[in-house]
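User: I'm new to reading protein models. Could you walk me through one, feature by feature?

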Amino acid sequence: MLLVLKLLSTYGPGFSQWPLPLRALGSTMIVVPIVVNITAPLFEAVVAKLMRLWLHCRRSRARRQ
């Protein structure tokens, strides 16, 4: 969040003159959709794949014993 706020303040035209609450709101409006629509589904897919591999490994070990 702070990285986006800093990037917008540096490269956004006139963004650094906005009051702090509006800058925080603007950066939040950018970060939240990115996290919800891109980062969270990717993280969930990676964790699901790791869990499937882990469970498959445990099942195969249980069958061997």
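Analyst: Let's go from the overall make-up to single residues.

Analyst: First, some ground rules: this is a predicted model, where local features need pLDDT of at least 70, side-chain atom pairs count only at pLDDT 80 or more, and totals for chains, interfaces and linings use all residues. Residues are numbered from 1 along each chain as its sequence is written, and side-chain values use heavy atoms, leaving out hydrogens and water.

User: How many helices and strands are there in the protein?

Analyst: Helices (H or I, at least four residues) and strands (E, at least two) are DSSP runs, numbered from the N terminus. Here you get 2 helices and 0 strands. Helix α2 covers residues 20-64, and M51 lies in it.

User: What percentage of the residues count as buried?

Analyst: Buried means under 20% relative accessible area, exposed means over 50%, and partly exposed is in between (1.4 Å probe, protein chains only). Of the 65 residues in this protein, 11% count as buried. S27, in helix α2, is one of the buried residues, with a relative accessible area of 1%.

User: Which residues is S27 in contact with, beyond its sequence neighbours?

Analyst: Contact means heavy atoms within 4.5 Å. Setting aside neighbours within four places in sequence, S27 is in contact with M1, V4, L5 and L8.

User: How do I read an aromatic pair?

Analyst: Rings of Phe, Tyr and Trp (its six-membered ring) pair if their centres lie within 6.5 Å; planes under 30 degrees apart count as stacked, over 60 as edge-to-face and the rest as tilted. This structure holds 1 aromatic pair. F15 and W18 form it, tilted, at 4.8 Å centre to centre with 50 degrees between the planes. F15 counts as buried because its relative accessibility is 7%, whereas W18, at 41%, counts as partly exposed.
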